[in-house]
Amino acid sequence: MKQRLFFTTALIIAILFVVNLLSNEFHFRFDLTDDHQYTLSPATRDILKNLEEPVTIKAYFSKDLPATISKTRQDFQELLVEYSKRADGNVLYEFINPNEKESTEKDAAQNGIQPVMINIREKDQVKQQKAFLGATVSLGEKKEVIPVIQPGTAMEYALSTAIKKISLDNKTTIGFLQGHGEPALDELDQLTEQLGILYNLSAIKLSDTTSIPATVRTIAIIRPTDTIPANHFEKLDGFLAKGGRIMVAMNRVSGDLQKSYGYPVSTGLESWLQKKGIEVEDNFVVDAKCGQVTLQQKQGFFTMQSQLAFPYIPIVGKFADHPVSKGLENVLFEFVSTIKYTGDTTKRFTPLAFSSDQSNALKAPLYFDIQKQWTVADLPLKKLVLAAAIDGKLSGSTPSKMVVIGDGDFIINGAGQQPRKVQADNVNLVSNSIDWLSDDTGLISLRTKGVTSRPIDELEDSTKTLLKYTNFLLPILLVIGYGIVRSQQNKIKRFKRMSENYEEA
């Protein structure tokens, strides 16, 4: 018996030893997350496969941090292990703790990694500590810095884009049309920061003597406010005829909240698009799922501010399964208009973004009733098209592609010392459009990888009331029911004990 136990124990130890050896050679893990956050995307695998020279990654991470932040270090290390194995040794990495030495901390600062202050609780006291959570990515003389790796964010996108940026020899040029009231590049901070990783961004001004540079692959037309001359449209048609691509984010309507008035906008762009079978209608989309506006109300000597839902600012959460829109969760539009296709079958029209199941389209001009109590009857329409992709022979015989979005303001940060911040998915929608048009779709899936928002579906008031009272009353009823059952059981036991033939077990 002892000999058999010894043999079984030795066999288990031997199996564990072999499994440990195999785990060093074959690294794998199961990813059961909804969007495969821990599985390298095909885009990343392609980037790593095409590396011709070794990439060195220095990860500057502090130690002895709270568990939630320490997990970031562990996740990043596991990601680097995956990268190294996929790159066949062309990804080298090391972890450095800058808090150990003053010289190491200076080295981190010189490489662009600045510490962040975090709160740590010790003995019922909260104190602040410097923490480093960044990395540098180097290839030869080129270097890219990831200053802070935020806990819970998509690390793969930051790391893969950094590797791709330093491994690119020639960047594609994206032209931004100017001269008709469009925002300057410095008014599109978030967009240009994201696109600048992979593209050269250039402002384009058309005239009688200038044309679109041959190096431009894609043109972005964002919110023109002035009339565009006919000869400029001729140049854009010539660009499409050569296989160029165009992204349009335009205002067909505009609104003045101070005057509570909305009116149509005409720049000639709508007529040019209509000739291609794309009609951006002069209407305001209203939606039950919407943003809020601040309303000032006077009460006596005081001015009170209140937040009111404003259906003219839809929050769009319905998207097509298309490279441009896949993975998006919430885009906030401002006075957006519907788009419909009136062309023939030689072009392919693909709707990308839709209104909710409680929406409507109101013809301009109109007055805004900010305090209006909207009902279901006011919002009878659903899945109105707010953005679309079109590909085919748009001008001439050469196939081309376009993306048209029925709002131009939603992506603009503005100028000044305090530009506004737009939602991340607003930027992702335009960046994805540029990627798709420029045939660089590799990192689109990474840009939106990782859940940022999962709002609960809107419920009817009656359903909300039912769920509320069910949650409140059900535990009480269960306790009362359990008490009644126990009471009956005790009564039965007492009845048996009082019977003449009862014997204690």
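Mentor: A residue is called buried under 20% relative accessible area, exposed over 50% and partly exposed in between, with a 1.4 Å probe and protein chains only. Glu102 is exposed, with a relative accessible area of 59%. The model is a predicted one, in which local features need pLDDT of at least 70 and side-chain atom pairs count only at pLDDT 80 or more, while totals for chains, interfaces and linings use all residues. Residues are numbered from 1 along each chain as its sequence is written, and side-chain values use heavy atoms, with hydrogens and water left out.

Trainee: What percentage of the 505 residues of the chain count as buried?

Mentor: The share of buried residues is 41%. The accessible surface, computed by the Shrake-Rupley method with a 1.4 Å probe and, for residues, with only the protein chains shown as cover, is about 29200 Å² for the chain, and 53% of that belongs to carbon and sulfur atoms.

Trainee: How many helices and strands does the chain have?

Mentor: Both are DSSP runs numbered from the N terminus: helices are H or I with at least four residues, strands are E with at least two. The chain has 11 helices and 24 strands.

Trainee: In what order do the 8 strands of the open sheet stand?

Mentor: Two strands pair if DSSP finds at least two bridges between them. The order is β8-β7-β9-β10-β24-β23-β20-β17, with mixed pairing. The edges are β8 (199-205) and β17 (318-319); each has a single partner strand, so one side of each is left without a neighbour in the sheet. Within the sheet, β9 (residues 216-222) and β10 (residues 245-249) are parallel and share 5 bridges. Ala220 has Met247 in β10 as its bridge partner.

Trainee: Which strand does β11 join, and in which sense do the two run?

Mentor: Strand β11 (residues 253-256) is joined by 4 bridges to β12 (residues 261-264), and the two run antiparallel. Asp256 stands opposite Tyr261 in β12. This hairpin has 4 residues between the strands, and Ser260 takes a positive phi near 55° there.

Trainee: Which other backbone angles deserve a look?

Mentor: Arg223 lies in the loop between β9 and α7 (230-241) and is buried, with a relative accessible area of 18%. Phe335 belongs to the loop between β18 (331-332) and β19 (339-341) and is buried at 11%. As for omega, the peptide bond from Ala364 to Pro365 is cis, with a value near 0°; Pro365 lies in the loop between β21 and β22 (366-367).

Trainee: How many salt bridges does the structure hold?

Mentor: Side chains of opposite charge can pair when their charged atoms come close. A salt bridge requires a side-chain nitrogen of Lys or Arg within 4 Å of a carboxyl oxygen of Asp or Glu. The structure holds 14 of them. In one, Lys71 and Asp75 have their closest N and O atoms 2.8 Å apart. These two residues are 4 residues apart in helix α3 (residues 67-86), and therefore separated by about one helical turn. Lys71 is partly exposed at 40%, whereas Asp75 is buried at 18%. Lys106 and Glu102 also form a salt bridge, at 3.9 Å from N to O, and both lie in helix α4 (residues 102-110), 4 residues apart.

Trainee: Where do the partners Asp282 and Lys363 lie?

Mentor: Their salt bridge has its closest N and O atoms 2.7 Å apart. Asp282 is in the loop between β13 (278-280) and β14 (283-287) and Lys363 in strand β21 (residues 359-363), so the pair ties together parts that are 81 residues apart in sequence. Asp282 is buried at 17%, while Lys363 is exposed at 56%. Elsewhere, Glu279, Glu281 and Lys340 are linked in a network of salt bridges.
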